[in-house]
Amino acid sequence: MTTSLSLRPIQALPDHLISQIAAGEVVERPSAVVKELLENALDAGASNITVRLEEGGVKRIAIIDNGRGIPADQLPLAVQRHATSKISSLEELENVATLGFRGEALASISSVAILTLTTRTAEAPHAWQIESGKITPASGAQGTTVDVQDLYYNTPARRKFLKSEQTEFGHCAEVVRRIALARPDVAFSLSHNGKTVDHWNVSAIDKRSATILGDNFASARLPIDESAGPLRLHGFIGLPTASKGRADAQYFYVNGRFVRDKLLTHAVRAAYQDVLHGDRYPSYVIALDLDPALVDVNVHPSKIEVRFRDSRAVHQFVFHAVNRALAQTSATAFGTVPGPATAGLGETQSNNGRLPWVGGEQTSFSAQFASPAFAINDSNLNQSGHGSYGGNGNGNGNGYDYSFMQQRAQGAGIAQSAETYGAFFGGKAAHASESNLPNDDHPLGFALAQLHGIYVLAQNSKGLVLVDMHAAHERILYEQLKNALDENAMPVQALLIPMTFHADGIEVATAEENQDILKSLGFDIAAISPTTLAVRAVPALLKNADAQSLARDVLREVREFGGSRVLIDRRNELLGTLACHTAVRANRSLTIVEMNALLRQMEQTERADQCNHGRPTWVQLGLNDLDRMFMRGQ
């Protein structure tokens, strides 16, 4: 065989073989046909598009639109390779403003399927039809109908690679959904085997996205609309607490074109980095608009990838825009709360999800309302590990130490007098009722009690609020540390008596070689002997934490990742670890004053709806939820 191939002369390939090779790039499966034809319909100005499929699109794909149509004399060119009305010069290729422009779709499809095209312009007295190169008069309204039957009938080997009918239909339906999300100004209808599957009327993007992605997304999303120079990012991003286990609800558009671009995906993922729990994925429908000259959409046959002229600037813009939107996920920011069943699905209808940031210097609520509960390592403190909830110190997280409950009656919790409680807040909270708990002022309401030393129970105008006090305090400290480091103004607390501890040679060397990095983080750690380190100062926000544990964690991060990387790539992970050291632990008894101080700081802290690990910090039980639990009115 090798010998016969080597003896063949170089020759031009037949046109039909060239077309079938091109079809392999454009027509990978039925969904690719649907995509190309829908893009052509939109470029033709259609406002109503119907998609009809049979047997997953393998037997038949019919796309009917009410666009401008094609003049009869141009029909032969429409099905030829590299024939298009959308570009005519290199300059236009570099400024592509249409979805389809290669001039290959109809030619590629007709080389592997039976294609019938019926079209009529507004000026034509009747429609015209082309099939197998033959043009005949036909009946039909203004617009174009492309009927594709028996896909891959002449290339049976390729047909064997197709999946089941349901799988292929699923891919086709997903393509229709993607395009319908990008164009809410166009009505779409989808049917399969004669049955209507989806229909979307013309609507606004908020309604179209709610219809396609469901009520869960609609009730747990944040609007985003930011511009910078020639760039504009707009749409909706899902709340971190409404994340999913799969990346199947992520829709990114560049100039109206759905793309799967690694640069853009990374920018969004980075913005969600410290608010997602585990291997969770955010949901979003966002569009990036920019000058077509700044982006190359001609880098992939299916146009699913793009290349930006200034990729770094685009990445930074998308990252900061999404990051700023997520920073508004505090109770004060949009005045609504997560729901109990979905661990954080709330509405975002107060002022379009945007209220002014509450200014002022933030301090730890334990420092603002100093008390022995925060200043003393009492026996009720669970020291079994960072962020543990409950447990009796033996590693069993199923039990709680209830000894602190016996101390609650002495001036703490619900035993505190209503007069004292009301006086602290100027009488506003003496009686927790709907009239004196305005949602605009204090969305998280006012504290009632603690549950098992883990949760704060509060009452607001909507019902009952449950707060995970450790997770909430951890987020507050974390944001304060980030802000202080960003402003190069980390407040430092010098220790009256330096904390000394035994250290190995590597720890001592790390401390000596990274003094500048440690000082920027608020630490003064010095070697006083070859085997001893002394902690002379710590960040003021962490002054109540164990100085030795803080020092060891910082030194371990610096040693493992290097000083420069700790301040850039690993900064948030390190600050999260430090915040966890100081955050109030489970089984810590708080007074009503301290609990209310925590609620107020949550309302003023960015991203306060979830902790550093992406878990929700609070949930709302509405009065309707409580009524259903107790079957009131049923």
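The model is predicted, and its local features need pLDDT of at least 70, side-chain atom pairs count only at pLDDT 80 or more, and totals for chains, interfaces and linings use all residues. Residues are numbered from 1 along each chain as its sequence is written, and side-chain values use heavy atoms, with hydrogens and water left out.

Let's begin with the sheet. Two strands pair if DSSP finds at least two bridges between them. Strand β18 (residues 463–468) is joined to β22 by five bridges, and the two run antiparallel. Across this pairing, Gln-620 in β22 sits opposite Val-465. As a bit of background, side chains in a regular strand alternate between the two faces of the sheet.

The expected span is 1.5 Å times one less than the number of residues. Twelve of the 13 residues are buried, so α23 is largely enclosed by the rest of the structure. Buried means under 20% relative accessible area, exposed means over 50%, and partly exposed is in between (1.4 Å probe, protein chains only). The buried residues of α23 include Glu-594, Arg-600 and Glu-603, along with Ile-592, Leu-598 and Met-602.

Past this helix comes the loop between α23 (592–604) and β22 (618–622), where Gln-610 is found. Gln-610 is buried, with a relative accessible area of 0%. Its side chain reaches the backbone oxygen of Arg-607 at 3.1 Å. A polar contact is a pair of N or O atoms within 3.5 Å; within protein, one must be able to donate a hydrogen and the other to accept it, and residues adjacent in sequence count only if both atoms are side-chain atoms.

Now for another enclosed helix, α3. With 14 residues, α3 reaches 20 Å from its first C-alpha to its last, close to the 20 Å expected at 1.5 Å a residue. Since 13 of its 14 residues are buried, α3 is largely enclosed by the rest of the structure. Ala-32 lies in this helix (residues 30–43) and counts as buried at 15% relative accessibility. Ala-32 is 143 residues from Val-175 in sequence, yet their C-alpha atoms are 8.3 Å apart in space. Just after α3, Gly-45 takes a positive phi of about 85°.

Two residues other than glycine have a positive phi too. Tyr-152 has phi near 65° and lies in the loop between β6 (143–149) and α7 (156–159). His-452 has phi near 55°, and its place is in the loop between β16 and β17. Buried or partly exposed: which describes Tyr-152, and which describes His-452? Tyr-152 is buried at 0% relative accessibility, whereas His-452 is partly exposed at 31%.

Elsewhere, β20 and β21 form a hairpin with two residues between them. Five bridges join β20 (residues 524–529) to β21 (residues 532–539), and the strands run antiparallel. Here Ser-529 has Thr-532 in β21 as its bridge partner.

Finally, the cysteines. A search of the whole structure finds zero disulfides (pairs of cysteine sulfur atoms within 2.5 Å). Cys-580 is in no disulfide, and the nearest cysteine sulfur, that of Cys-611, is 8.7 Å away. Cys-580 counts as buried at 6% relative accessibility, and Cys-172 is buried too, at 0%.

Definitions and conventions: Helices (H or I, at least four residues) and strands (E, at least two) are DSSP runs, numbered from the N terminus.
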